[in-house]
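The structure under discussion is shown first.

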Amino acid sequence: MKITLKSNKYSVILIVVFVIGAALRLLTVTPGVQGDGKEYIMQTVAFQNHFSFGITEEDLSNAKEEFYNEAEALEAEYNNEIHMHESDNARYSNHYGAYSALVTPVKRVILALGIYPLWAFSITNYILWLAAILVIFFCLRTDAKRKLCILALLIFNPIIFYLCWSHSEVYIFAFVVMGLVFYYNKQYGRSIFFLSIAATQNLGVIPFAMMVGIDYIVECIQRYISEYKKFDFANFAKLYWKKVIPYVIFYIPAFLPLISTYVRFGTYNLVADVAMENKYLLHKALDYAFDLNLGILPYEPIVLISFIVMAITGLKNNMRSVIINLVGVFGMLYIIAHQLQINSGMQNIMRYNVWIIPVLIFFIGMNLNIDKDNGKRLIAVCLSEAVFTTAIVGYIIWGGGDFSSNQFAPWTKAIMNNFPELYNPTHGIFYSRTTGVELYESSEPVVYVNNDGYIRKILLSEEAEEVFYSENWMLVDSQGNSVDKNKLKSKSVDEGQYRYINVKDNYRHLNEYALGDKILFFSENYNADNYVQSGISGKEERMSWTDADKFNMSMLLNSSAPMIKGHIDIMGTFYQPQKVTIFINENQVFCNTIEGEQEINFVFENPKNRIVNMTILLPDSLSPAKLGLSEDTRNLGISIREMVFTEN
């Protein structure tokens with residue numbers, strides 16, 4: 001042990017930094033319930049009550065008592081027939097409960113200490129991440145330089161986004177890392193076993209576990225050929241079947257969820273029945289790797305590019321390892337690309353990517369040739385990636401760059417605002433992040449505009465094309481002149497079923513507005529999206545919040561009345577008094593600081609072309625996340641209930 005510590009002193013320092021840094025991160029965040037966290041919460045109670053994951057009415061009652069802050073949400077989730085399924089007087093989640101089983105003893109301890117039990121998930125995630133790091137340090141059979149590089153890349157890693165989630169991402173990440181350690185040690189049984197444990201929470205891990213099994217068979221064949229100088233299948237099967245067949249046992253954890261689900265419900269995967277599709281697989285797989293918001297590229301660019309380069313250049317001299325890793329990664333991407341909801345809840349990087357990244361890191365760290373000349377270079381490259389990842393994570397968490405799963409990253413906005421043709425994601429990503437709500441279908445054109453309200457991208461489904469090219473969907477330039485839409489170039493995506501129109505000129509989309517009609521920002525009659533260009537969040541029960549420091553809307557008035565009166569019904573302001581400045585076609589018509597429920601009235605001259613571009617500046621807007629009030633990253637200013645314009 002002393003020799004290990006001495007020769008790996010820099011790795012020891014990294015681990016100490018991790019222990020302290022991750023603990024400090026835990027202390028600075030209030031745990032919340034994300035994604036399927038409510039299901040995992042109820043499963044912890046079911047497991048402690050009767051060592052199963054079927055949730056009874058009594059389990060629900062206990063869960064509501066223990067997790068009292070989430071009582072209402074737990075009740076609603078328990079009665080959600082899409083997420084919960086009845087069998088033998090209990091309800092089963094779409095997701096297996098292995099992660100919940102690990103959380104349960106931690107929860108019992110912190111409950112005994114009088115700590116709110118939601119902390120159990122974050123603490124379990126911390127323990128799992130630390131366990132993975134220690135398995136690398138103590139078990140990985142490699143030199144100090146490789147170990148240092150792999151540790152650095154797995155400590156300074158985007159998995160930190162999910163440290164405080166009540167979700168299984170860190171669980172999968174940790175067991176994938178352990179499986180990779182034993183794979184590169186050529187301890188195939190242990191590797192398959194740990195990868196299979198990871199796969200209990202997501203089947204996307206199974207392809208790599210299968211490739212490990214195949215690699216073990218190849219290893220056995222090579223041993224046979226080395227001993228007998230040629231390959232005879234019948235003789236090989238006779239001599240090696242006792243060494244190969246028993247390894248099937250190590251796959252049992254991965255298939256337990258499939259078997260138990262089939263026995264209870266006659267299907268192998270409840271999620272597949274409600275949230276899978278067999279379309280757009282290539283585009284979605286590429287977006288998991290390269291998308292500028294949720295892909296691997298923005299967070300681990302050196303790792304991703306190095307993996308691709310090493311896979312290509314290594315085909316000649318390292319074919320076996322390259323094929324195992326390429327097929328394994330492509331298999332993982334193939335499985336997760338079937339997920340309909342590519343833009344489902346996430347913390348910046350897509351959840352699935354955080355457990356694909358370790359595969360890339362181990363491939364690079366364990367296969368790159370190291371000698372006296374390039375050993376230091378490898379460390380420098382790995383540490384550069386660690387620094388970059390730390391910088392981007394720090395910018396997002398502490399530097400004001402945070403964004404939700406229904407918002408574009410700041411750097412993505414910059415690219416779309418200046419070079420819109422460079423970014424054409426699968427339609428679900430664009431729909432969700434443009435509209436501010438998770439969305440995968442739209443019969444209307446979906447339009448992205450810059451901060452000044454000018455169009456930069458339009459996405460058309462086949463149904464939306466008819467609307468876009470009709471006379472009723474108006475597109476005008478900055479002078480108010482009609483634009484010939486047929487001259488705009490388009491780019492097809494997603495098997496030709498969707499088309500992007502990328503715009504660099506200052507165009508706006510206009511809908512005609514009849515004086516006196518109410519523009520509603522709530523209710524089933526919500527119609528604000530007909531006029532709002534940017535700066536508004538999705539509708540809520542009684543209003544919509546502005547979510548930027550600038551709000552833009554445009555319309556074509558159907559009246560030639562000389563003077564127009566504007567009325568805005570403000571339901572409230574966020575956190576503090578908000579300065580509100582309103583411009584109509586760059587002419588200021590209102591400026592005041594307001595607080596709480598207000599009515600804003602202003603008058604302006606009807607433009608000759610009847611085109612009204614309204615901008616509201618909200619310099620005092622704030623994010624609840626910045627204030628530590630919640631994980632809401634929107635910049636909230638005022639909540640708008642309705643607007644109306646009339647003749648003055």
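In the contact of H2 with H7, Ser11, Val12, Ile15, Phe18, Val19, Ala22, Ala23 and Leu26 of H2 meet Trp119, Ser122, Tyr126, Trp129, Leu130, Ile133, Leu134 and Phe137 of H7, where contact means heavy atoms within 4.5 Å. By class this contact has 14 nonpolar, 2 polar and no charged residues, with Ala, Val, Leu, Ile, Met, Phe, Trp, Tyr, Cys and Pro counted as nonpolar, Asp, Glu, Lys and Arg as charged, and the others, Gly among them, as polar. The model is predicted, so that local features need pLDDT of at least 70 and side-chain atom pairs count only at pLDDT 80 or more, whereas totals for chains, interfaces and linings use all residues. Residues are numbered from 1 along each chain as its sequence is written, and side-chain values use heavy atoms, with hydrogens and water left out.

Helices (H or I, at least four residues) and strands (E, at least two) are DSSP runs numbered from the N terminus; axes are lines fitted to C-alpha atoms, for helices over the stretch in contact, and angles run from 0 to 180 degrees between N-to-C directions.

| Helix pair | Angle | Axes |
|---|---|---|
| H2 (residues 9–27) and H7 (residues 119–139) | about 175 degrees | 11 Å apart |
| H10 (residues 188–199) and H11 (residues 206–228) | about 170 degrees | 9 Å apart |
| H11 and H17 (residues 319–337) | roughly 160 degrees | within 8 Å |

Angles over 145 degrees count as roughly antiparallel, and H2 and H7 are therefore roughly antiparallel to each other. The angle between H11 and H17 likewise makes these two helices roughly antiparallel.

H10 passes H11 in a left-handed crossing, whereas the crossing of H11 and H17 is right-handed; a crossing is left-handed if the near helix is turned anticlockwise from the far one by less than a right angle, and right-handed if clockwise. Towards H17, the contact residues of H11 are Pro207, Phe208, Met211, Asp215, Val218, Glu219 and Gln222, and they face Arg320, Ile323, Ile324, Asn325, Val327, Gly328, Gly331, Met332 and Ile335 of H17. This contact comprises 9 nonpolar, 4 polar and 3 charged residues.

Grid points are joined across faces, edges and corners, and a volume is the space filled by probe spheres set on the points. The count comes to 1 cavity of 30 Å³ or more, and the largest cavity has a volume of about 30 Å³. Its lining consists of Glu277, Lys284, Leu340, Ile342, Thr426, His427, Gly428 and Tyr440.

The second largest pocket has a volume of about 420 Å³, and of its 18 lining residues Tyr454, Arg508, Asn585, Glu586 and Asn613 lie nearest its centre. Strand E13 (550–557) and strand E18 (611–617) are the elements that give two or more residues to this lining, and E18 gives the most, with 4 residues.

Methods:
On a 1 Å grid over the protein atoms alone, a cavity is a set of points where a 1.4 Å probe fits but cannot get out, and a pocket is an open set with protein on both sides within 12 Å along at least five of seven lines; lining residues have an atom within 4 Å of a point. Angles under 35 degrees count as roughly parallel, over 145 as roughly antiparallel, 65 to 115 as roughly perpendicular and the rest as oblique.
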